[in-house]
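Colleague: I would like to learn how to read aromatic pairs in a model. Can you take me through one?

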Amino acid sequence: EQMGRMLPFLQELSNYVDRCHNATMNLIQQLAKLYNGKEKLFKSTFQFVHLTPVYDSLAELLGILVTLDCAITQNQHLGSAWADYKRMMQFVRDKPESYNSNVDKITKFEKLI
């Protein structure tokens with residue numbers, strides 16, 4: 001029951017981590033292109049630009065992600081609750097009509113989790 005109530009939060013958390021990953025990859029790729037010594041734009045415009053605030057923000061974001069990772073991986077109750085929830089879903093799969101559902105909905109839901 002508790003795990004079912006946590007699913008929306010965990011989905012939001014997963015979406016947040018995905019956005020952070022995409023933003024970080026985009027930033028790294030842009031910096032790699034920009035700081036290429038052969039890049040004309042670097043030599044003409046950005047050679048003397050200090051990007052300390054960008055690096056500070058990146059460090060803060062990485063710190064947040066590490067904190068989230070530690071909070072989830074070190075939570076012993078979350079792992080056992082997740083295993084119980086998956087076991088319960090087997091009962092739902094066996095008798096979907098008892099839970100006001102059908103096989104297609106359950107299959108879609110299981111792919112999400």
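Colleague: How many aromatic pairs does the count come to here?

Modeller: One caution before the count: this is a predicted model. The count comes to two aromatic pairs. In one, Trp82 and Tyr85 are stacked, with 6.1 Å centre to centre and 20 degrees between the planes.

Colleague: What describes a pair of aromatic rings?

Modeller: Two values do: the distance of the centres and the angle of the planes. Planes under 30 degrees apart count as stacked, and those over 60 as edge-to-face.

Colleague: Where in the chain do Trp82 and Tyr85 lie?

Modeller: Both are in helix α4, which covers residues 76–94. Three residues separate Trp82 from Tyr85, about one turn of the helix.

Colleague: Is Tyr85 buried or exposed?

Modeller: Tyr85 is buried, because its relative accessible area is 11% and the cut-off for buried is under 20%. Trp82 has 23%, so Trp82 is partly exposed.

Colleague: And the other pair: why is Tyr85 with Phe109 called edge-to-face?

Modeller: Look at the angle. The planes of Tyr85 and Phe109 stand at 65 degrees, so the pair is edge-to-face. Their ring centres are 6.4 Å apart.

Colleague: Which parts of the chain does this pair link?

Modeller: Distant ones. Tyr85 sits in helix α4, while Phe109 belongs to helix α5, residues 103–112. The two residues are 24 residues apart. Phe109 is partly exposed, because its relative accessibility is 26%.

Colleague: Which residues form the aromatic cluster?

Modeller: Trp82, Tyr85 and Phe109 form one cluster.

Colleague: Now step back. How many helices and strands are there in the chain?

Modeller: Five helices and zero strands. Along the sequence, the pattern reads α-α-α-α-α.

Colleague: What share of the residues counts as buried?

Modeller: Of the 113 residues, 15% do. Tyr85 is one of the buried residues. The accessible surface of the chain is about 9,100 Å², with 58% of it belonging to carbon and sulfur atoms.

Colleague: How far apart are the mean positions of the positive and negative charges?

Modeller: They are 9 Å apart, for 13 positive and 12 negative charges.

Conventions:
Residues are numbered from 1 along each chain as its sequence is written. This is a predicted model: local features need pLDDT of at least 70, side-chain atom pairs count only at pLDDT 80 or more; totals for chains, interfaces and linings use all residues. Side-chain values use heavy atoms; hydrogens and water are left out. Rings of Phe, Tyr and Trp (its six-membered ring) pair if their centres lie within 6.5 Å; planes under 30 degrees apart count as stacked, over 60 as edge-to-face and the rest as tilted. Helices (H or I, at least four residues) and strands (E, at least two) are DSSP runs, numbered from the N terminus. Buried means under 20% relative accessible area, exposed over 50%, partly exposed in between (1.4 Å probe, protein chains only). Accessible areas come from the Shrake-Rupley method with a 1.4 Å probe; for residues, only the protein chains shown count as cover. Lys and Arg count as positive and Asp and Glu as negative; His and the chain ends are not counted. The place of a charge is taken as NZ of Lys, CZ of Arg, CG of Asp or CD of Glu.
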